[in-house]
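The following note sets out numbered points on the structure shown below. Each point may be read alongside the sequence and the coordinates.

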Amino acid sequence: MTITAEDMRRFLMLFATNVAEQREELTRLDSAIGDGDHGINMDRGMKAVLEVLPGIDGSEAGTLLKQAGLRLVSTVGGASGPLYGTFFLRMGTALGDATEVSRAQFVAALRAGLEGVAARGKAQPDDKTMVDAMTPAVEALESADDSIDWAEALTRAADAAVTGRDRVTPLVARKGRASYLGERAAGHQDPGATSTALLFATLRDTFIDQA
Amino acid sequence: MKKLINDPERAVDEALAGMVAAHGDLIRVEEPNIVVRRDAPRQGKVGIISGGGSGHEPMHGGFVGLGMLDAACPGAVFTSPVPDQMIAATKAVDGGAGVLHIVKNYTGDVMNFEMAAEMAQTDSIEVSSVLIADDVAVQDSLYTAGRRGVGGTVLAEKIAGAAAEEGADLATVTRICQKVQDNVRSMGMALTSCTVPAAGKPTFEIGDDEMEIGVGIHGEPGRRRAKLAPADEIVQLLVDPILEEGLFDSGDEAFLFVNGLGGTPLLELYIVYRKVAEMLDSRGVRVTRNLVGSYITSLDMAGTSITLLKLDDELTRLWDAPVHTPALRWGM
């Protein structure tokens, strides 16, 4: 099982498609407890990533992810630009210039991405952010050894992200604009955790569709 | 959505083009979408840049010019600008004396300015930054993103800009900007939501007999929803939390800034001003400088914010200093 630049290209294209489809839903969630632009911003950013993908020379998964991260940082703004940008940048940096990435290397890169997001956003568990969906997803992959099929491991990660997203819905947000609402944010699903759950669902579908 | 907009995707770009057409004697617009003082960089002068989402006009682009900002970085509507803009703006205004970044305390703005500082650290430009966080509606605690930067930002940009214009060094300009931040408090309320062009519908629903107390400037809901009340009662709901901060004592001099959020007529702002002045007068606080109008807005939101700054001789003198920008002009 190796992961190639081609896999990452398909992953980014599929994520752009899924974000475009969920644009209204992400914006609706953000209108309730944020400023109502999460879907708009993510869609603008992923469309910008799609614009540069054909021009990126294609043999290294890490290079592709780094370029995608830089593009997000340069086009999205807001909080999601630096956060998703940092996620892809750190993943890309962790993968270095390997042309064929092992499963373990890929999971380690996801962990590096998660750590980058937490550091950039200064987010702790239960702050009701992306981190609360991303952490259980990465942990699910880390705990799935090679005896577990890759598609099965990715399915567990996608499920864990959804569970993590839903687990923090009743909580009061402690980061970002939702934190201004105090108790009023409790009971609302977090838009950032939602787009993160979408990212892990996309990762699953990237590999399952191939098989 | 009934708007004077051709295409929501082009709204910010077309507004910037209009600003240059109207105020080309004061500003220029450069890639990647930054508003720069026409004669920047000025050798030996500290540069001051700020930035934030669009939709708050005239802030920040309308404050670029003599005696205020050297550059502004406008993001998409209500979305912080990107690091590329802040890096380009910093370089465009550096006259060898360093550059001050005035950052409103929002998660996105702070992260993008931080990334800009990290990405530009190989450059030999000295950069300092001041975080504006004056909104008393937000509890400043470990459990929030901290107080938002709102009306105090306008006063900080004018006063720090005056200090830079008269030749103060970076440390002094930074100290003065921080002094404004330490002595300014604001609170706002909304009668209606606002409509983000790309979304095409109001950000939140609100009844004809309701208001939001403690709103920010992005259509994010306030701390609570309340039944609509007469203007004087609303003013008390805004001014009391500011005064409870304990910043103003009898005998103090204050700057009173009554701001419209974009959809409120000046007639109503003066009704608000009248009541705030009365409340301050009864406590022995003297309003010696003021600003009334829509200077930090939330698109078409109806509502107001009240900002109080404790003045001393230095801040008063710098407020009075000449300024020539698209939105503020006096003394020349």
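How are α6(A) and α7(A) oriented to each other, roughly parallel or roughly antiparallel?

1. The model under discussion is predicted. In chain A, the axes of helix α6 (residues 130–143) and helix α7 (residues 150–167) cross at roughly 150 degrees and come within 7 Å. Because angles over 145 degrees count as roughly antiparallel, α6(A) and α7(A) are roughly antiparallel to each other. The crossing of α6(A) past α7(A) is right-handed.

2. The residues that make this contact include Asp132(A), Met134(A), Pro136(A) and Leu141(A) on the α6(A) side, and Arg156(A), Ala160(A), Gly164(A) and Arg167(A) on the α7(A) side. By class, the contact of α6(A) with α7(A) has 10 nonpolar, 3 polar and 4 charged residues.

3. Ala201(A) belongs to helix α8 (residues 191–208) of chain A. Ala201(A) counts as buried because it has 21 C-beta neighbours inside 10 Å, the threshold for burial being 20 or more.

4. The contact between the chains takes 26 residues from chain A and 30 residues from chain B. On the side of chain A that touches chain B, α1 (5–33), α2 (38–52), α3 (61–75) and α4 (80–95) of chain A each supply at least two residues. The largest share of that side, 3 residues, comes from α3(A). By class, the side of chain A that touches chain B has 6 nonpolar, 13 polar and 7 charged residues.

5. Chain B contains an open sheet of 6 strands in the order β1-β2-β4-β3-β5-β6, with mixed pairing. At its edges stand β1 (27–30) and β6 (127–132) of chain B; each has a single partner strand, so one side of each is left without a neighbour in the sheet. Neighbouring strands of this sheet are turned by 25 degrees against each other on average, direction ignored.

6. Within that sheet, β1(B) and strand β2 (residues 34–37) of chain B run antiparallel and are joined by 4 bridges. Val29(B) has Val35(B) in β2(B) as its bridge partner. Helix α3 (residues 107–119) of chain B lies across β3 (47–54), β5 (99–104) and β6 of chain B, at about 155 degrees to β5(B). Helix α4 (residues 152–165) of chain B also packs on the sheet, touching β3, β5 and β6 of chain B, and its direction makes about 170 degrees with that of β5(B).

7. An open sheet in chain B has 6 strands in the order β9-β8-β7-β12-β10-β11, and its pairing is mixed. The edge strands, β9 (224–227) and β11 (286–293) of chain B, each pair on one side only. From one strand to the next, the twist averages 20 degrees. Helix α7 (residues 266–282) of chain B packs on this sheet, touching β10, β11 and β12 (303–310) of chain B, and its direction makes about 155 degrees with that of β10(B).

8. Strand β12(B) is largely enclosed by the rest of the structure, because 7 of its 8 residues are buried. Strand β7 (residues 184–190) of chain B runs antiparallel to β12(B), with 7 bridges joining them; Ala190(B) stands opposite Gly303(B) in β12(B). β10(B) also pairs with β12(B) in the antiparallel sense over 7 bridges, and Gly260(B) has Thr304(B) as its bridge partner in β12(B). By contrast, β10(B) (residues 253–260) and β11(B) pair in the parallel sense over 7 bridges, where Val258(B) stands opposite Val292(B) in β11(B).

How values were computed
Residues numbered from 1 in each chain as written. Chains lettered and ligands numbered in written order. Predicted model: local features only at pLDDT ≥ 70, side-chain atom pairs only at ≥ 80, totals over all residues. Pairing = 2+ DSSP bridges. Axes fitted to C-alpha atoms, helices over the stretch in contact; angles between N-to-C directions. Contact = placed C-beta atoms within 7 Å. Buried ≥ 20, exposed ≤ 12 C-beta atoms within 10 Å, placed from the backbone. Nonpolar A, V, L, I, M, F, W, Y, C, P; charged D, E, K, R; others polar. Parallel < 35°, antiparallel > 145°, perpendicular 65-115°, else oblique. Left-handed = near helix turned anticlockwise from the far one by under 90°.
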